[in-house]
Amino acid sequence: MSKTNITEENFTPVTYDPQYILMVNHLKKYFPIKGGMVSRTVGHVKAVDGVTFNLKRGSTMGLVGESGCGKTTTGRTILRLSGEKTAGQVLFNGKEVYDLSPKEMRDIRTKMQIIFQDPFSSLSPRLPVGEIIGEAVREHGLVSRGEFDDYIDQVMDNCGLQPFHKDRYPHEFSGGQRQRICIARALALNPEFVVCDEPVSALDVSIQAQIINLLKDLQEQYKLTYLFISHDLSVVEHISDTVGVMYLGNLVEYGATEDIFRHPLHPYTKALFSAIPVPDPDAKMERIVLEGTIPSPANPPSGCKFHTRCANCMAKCKEVAPVQKEIEPGHYVVCHLYDEK
């Protein structure tokens, strides 16, 4: 990837803190835009543009935002599934993920897993369920050949699947069962950290509750750490310990779930939360409607990226990019409205 127009301002390397399993510091992931007769790089899509957060062991961080804001790319970049990063740090258990050799990366793959968004297209239609779940277990040699079948049976049982399901194919299952297969495939490697990429978005509400409860039970049983990507704010509030709000590649607000939902600070966060349905027909809804459309990540606005849709926009919002500020303990926001606080 061409490094033109990719800057490193405001980036200071962080040192490892053992209480955090994952430390993401000013992470950037740009995709090149090719053009011209010789396919030169003429620009970049700034999918992730300076994301910073820390994730404690055994906790869940919810990552929310509109479609196209960079949530999934953030998760895939952390796991090194999208090629090389553009800039920043990704420390997993104190090790920079992008400095690992192929052998070291292979070893750490078992500790970092992902549950993909679509429970159907992410499963091979040509493999039976037992092979889908056990393929990586066999590849990494986690159990002996004699223990393999019993191990896979136990993993499936932990995820609400029956042993006779092993010989069936993905098309023979419902959406909820396919999602359980995806979860079993991720957990079969005994990971420490799992990226849950909208794992319930394609499911009915009743099935969503089953999968969320399953994830919480498995987290308690195996001391797992989740990065939970979702559009559903009510689900995020239920499962998450901390929440990050993304807009156009940036994390605009980050903090404890209770603080974020009780006292949202960023105008974008307030607009998102105003859209949460209230199960009371008599309740007065103060909906904040955002004007305009999301700018292109290939040509983001100068200054604050949200200023083109913000009702509180000031002159400096159009020129100066705001920096992350801690407004209350553990509650961070990126907005000029809090410059004097």
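Leu248 sits in the loop that runs between strand S9 (242-247) and strand S10 (250-256); helices (H or I, at least four residues) and strands (E, at least two) are DSSP runs, numbered from the N terminus. The model is predicted, so local features need pLDDT of at least 70 and side-chain atom pairs count only at pLDDT 80 or more, while totals for chains, interfaces and linings use all residues. Residues are numbered from 1 along each chain as its sequence is written, and side-chain values use heavy atoms, with hydrogens and water left out.

The backbone at Leu248 deserves a look: its phi is near 50 degrees, a positive value in a residue other than glycine. Leu248 is buried, with a relative accessible area of 3%; buried means under 20% relative accessible area, exposed over 50%, and partly exposed in between (1.4 Å probe, protein chains only). Ser39, also not a glycine, has a positive phi of about 55 degrees. Ser39 belongs to the loop between strand S1 (20-35) and S2, and this serine is partly exposed, at a relative accessible area of 45%. Thr41 is found in strand S2 (residues 40-56) and counts as partly exposed at 22% relative accessibility. Between Thr41 and Arg109 there are 31 Å in space, C-alpha to C-alpha, and 68 residues in sequence.

Turning to charged pairs, side chains of opposite charge can pair when their charged atoms come close. A salt bridge here is a side-chain nitrogen of Lys or Arg within 4 Å of a carboxyl oxygen of Asp or Glu, and the count by this rule is 11 salt bridges. One of them joins the side chains of Arg106 and Glu139, at 3.4 Å from N to O. Because Arg106 lies in helix H2 (residues 102-109) and Glu139 in helix H3 (residues 129-140), this pair ties together parts that are 33 residues apart in sequence. Arg106 itself is partly exposed, with a relative accessible area of 37%.

Asp259 counts as buried, at 16% relative accessibility.

Asp339 and Lys316 also meet in a salt bridge, with 2.6 Å from N to O. This pair links distant parts of the chain, 23 residues apart: Asp339 is in the segment after strand S12 (331-334), and Lys316 is in the loop between helix H9 (267-274) and strand S11 (324-328). Asp339 is partly exposed at a relative accessible area of 28%, and Lys316 is partly exposed at 34%. Through shared partners, salt bridges join Lys316, Lys325 and Asp339 into one network.

Helix packing comes next. Two packed helices are described by the angle between their axes and the distance between the axes. For H3 and helix H5 (residues 175-187), the angle is about 25 degrees and the axes are 7 Å apart; axes are lines fitted to C-alpha atoms, for helices over the stretch in contact, and angles run from 0 to 180 degrees between N-to-C directions. H3 and H5 are therefore roughly parallel to each other, a term for angles under 35 degrees. Val129, Ile132 and Ile133 of H3 make the contact with Ile181, Ala184 and Arg185 of H5, where contact means heavy atoms within 4.5 Å.

Key:
Parallel < 35°, antiparallel > 145°, perpendicular 65-115°, else oblique.
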